[in-house]
Amino acid sequence: MDNKSLEMLEFPRIRDILAGYTSFSASRELADNLHPQCNYEEISRLLKQASEARQLLGLDQGFAIGNVLDIREKARLAALEGILEPLSLLEIQQTLAALHQLRRYLNSVSEDFPLLWEMAGDIVELRQIEKDIGSCLDPAGEVLDTASPALADIRRQLRETRGQILEKLETIVRSPRGNRILQEDIITEREGRYVILVKMESRHEIKGIVHDISNTGATVFMEPTVTVGLGNAIRELVIEERRETERILRLLSAEVGANSEDISRSIELVAELDLVLAKARYARRIKAVEPEIIKPDTNLKATAKKKTGFLKLVDARHPLLGDKAVPFSLELGHDFSIIVITGPNTGGKTVTLKTIGLLSLMVQAGMPIPAAKESQLPLFDGVFTDIGDEQSIEQTLSTFSWHIGNVVRIIRGATGKSLVLLDELGTSTDPAEGSALAQAVLRYFLDRGTLTVATTHYSDLKAFAHTTPGLENASLEFDAETLTPTYHLTVGIPGGSNALATAARLGIPTEIIEDARSTLMEGSQELETLLATLMAEKQKIASLERELKNERDEFTRRNSELNSELERLKTEEQRAIQEARDTIVREAAELHREIRQAAVELRKEKSAASTEQARRTLAGVREQLDSKAWQPRAGVISETDAGNIEAGDTVRIKEAGLTATVLSISEESGEIEVQSGRTKMRLGLDSVIKTAGPQETVFTTGTQPVARQAPLELDLRGKRADEVEATLDTYLSDAAQSNLTEARIIHGIGTGTVRSIVREFLTRHPLVKSFRVGERDEGGDGATVVRL
């Protein structure tokens, strides 16, 4: 990549920001050295890693690599047989523990984040080193007594010897002589020896070694002779302690040095992982995503005229502008490979150029970009830019010369696989010559298929882009009412410079603006007016499109609400019908019980007129129940031709309104065996209707009482004649409430008395539709099959 172009596009600032999201020095170094790449597989891998990291942070916002430090230099020193300081060993222990915890965590989520685990999977866990350091050093870096038996013994002797010295000195301090010759009754240390504070004039009254004299000369710090031997013993023990401590540190350092390569490799892996996490954190900050990368066609030979590919940016934003960035969309590489952007001064043309270039660089550095996920970018072998003005008096470079120098650099370095960004091409010189030069430069890149974006104020270039195949105009909008730029990019329409309006907005006096407008050529004014009119019309069309979209969305929303309300009303209607039907069923069952009881009494009184009146009352209830108002609404259940019924089909039982599954069909008898829930029954073929699917009955059961589970048959054998009617009446009521449509009454043959009572009773019972003598396999004349 061209380093000068990287600076012009402010890619170093992106690196600095990215480095701020890293967790330790090794990954920060990687961020500082980040450069765009050209390898498709590598870039795709980096973007997929960033995508996984964004997802992981979305689930666990606090996830980080932990307390990892760059311990590679310490590991290298240990490998050279150097002895590491205790604090350095503690940093190594802390880092190894963090590496262990990081690897274990990513292993637990490896199925969801395989690429992150692929990075962490190669981290070497050195738990023994971590354990050994922890067992030898305390958190402050002091070597523990338990580090070795020898060290423990030495320190025990030190404690005992110090105790003996302090005991002897305490005896002197507490003695009468001590009260007389001592300046103060305290014990202190000088040069590692325990001493007492003796008055200068009394120093000859006690034998010992003078180690120091106070500044005033009034006090002598003296080690009494009685403790000199013990003091020497302490000095020897301290030397032994230092040697044993050094031996322990040497062993720990050697253990680290033996694994220095694994440690260094693990730190490198964690640094790469932390850089991926930094990319993800930055992406979440600027609302960035991973775009689609267009794979280069490797089957074609690379030629100077080979096109780079197709660039598509959707809702792209400059990453350094934050919330102030205005998104734009742009396509380049299909119908045209060069786009010429025009528009007002300070209208955002340069920002647009920088955004295109910077996002291309970020993608090739494996970073998500602030754009929509539908964006697509090819891989460029170079991004070349001429943006800004760096004229130099020392180098005798004018603005024009500086720009031309950049163009020369770009022409020499760009290929058909490059991206070229030219700001104010051909400016800072004679307009006619500058425009002609600009056209020639654009034709040069057009012939080579180089994707190019240029900005200009030249009207000749607008016309050139309009008439030349492979070039296209674009403009940044200008609000004619407020005389301010909107920063919205429109492809296909050239824009006006609006220099006078911009100058007026920036403070140029009105009389100067009017004078300039009066001297402007008529054709130029007409062109600017036309462009302004086109832009105004375009804004009106865009506004109308937004209004139509809003109206369409509102219509869709209201239509959905109306459909929901209609469904609710239908459900309420069916519920009301079912509740009323359930009420009638319950009332009819209760009324029937009362009538049957009354019938028994009336039969005793031989009052046929009263019995007939009760029967007419119940018939009226049944007639109301079977009226059209209480039947299922047409069209609720999809029905098909009954002639096509086969075993396994779903049918609706006409009388009961129940849905059932066909078990078998008898062509000879014209009957069908069905099952509804746990109930099996045999019916005539004309009693069912085939449905399109296994719908349940249309009535809701939210308010329906729990149905009784009546058996499919009633055995009256052994019953007395006066018990038959009451038992049969109760059973028929229970069968009706259990939604049975057919039942078998077993009465036997015997003398025929019970059979006669049953069939006479069934003839006048309001819940019975019909009955017949049982078939041979149903009990023959000893049973009666009832259809309810």
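A residue is called exposed when its relative accessible area is over 50%, buried when that area is under 20%, and partly exposed in between. The model described here is predicted.

By this criterion Glu81, with a relative accessible area of 74%, is exposed because its value is over 50%. Glu81 is located in the loop that connects α5 (72–79) with α6 (86–108). The backbone at Glu81 adopts a positive phi of about 70°, although the residue is not a glycine. Leu80 is placed in the loop between α5 and α6 as well. At a relative accessibility of 71%, Leu80 also counts as exposed.

Lys287 belongs to the loop between α12 (260–286) and β5 (292–293). The relative accessible area of Lys287 is 60%, so this residue is classed as exposed.

The sheet was examined next. Four strands make up an open sheet, in the order β1-β2-β4-β3, with antiparallel pairing. Its edges are formed by β1 (182–190) and β3 (208–213), each of which pairs on one side only. On average, and with direction ignored, neighbouring strands of the sheet are turned by 35° against each other. In general, the strands of a sheet pair through backbone hydrogen bonds, in either a parallel or an antiparallel manner. Between β1 and β2 (residues 193–199), which run antiparallel, there are five bridges. Within this pair, Ile187 stands opposite Ile196 of β2. Helix α11 (residues 225–258) packs on the sheet and touches β2, β3 and β4 (219–224). The direction of α11 makes an angle of about 75° with that of β4.

Zero disulfides are found in a search of the whole structure; for a pair of cysteines to count as one, their sulfur atoms would have to lie within 2.5 Å. Cys38 has a relative accessible area of 44% and is therefore partly exposed, as this value falls between the limits of 20% and 50%. Cys136, in contrast, is buried because its relative accessible area of 9% is under 20%.

Technical notes. Residues numbered from 1 in each chain as written. Predicted model: local features only at pLDDT ≥ 70, side-chain atom pairs only at ≥ 80, totals over all residues. Heavy atoms only, no water. Helix = DSSP H or I, 4+ residues; strand = E, 2+ residues; numbered from the N terminus. Buried < 20%, exposed > 50% of the residue type's maximum accessible area, 1.4 Å probe, protein only. Pairing = 2+ DSSP bridges. Axes fitted to C-alpha atoms, helices over the stretch in contact; angles between N-to-C directions. Contact = heavy atoms within 4.5 Å.
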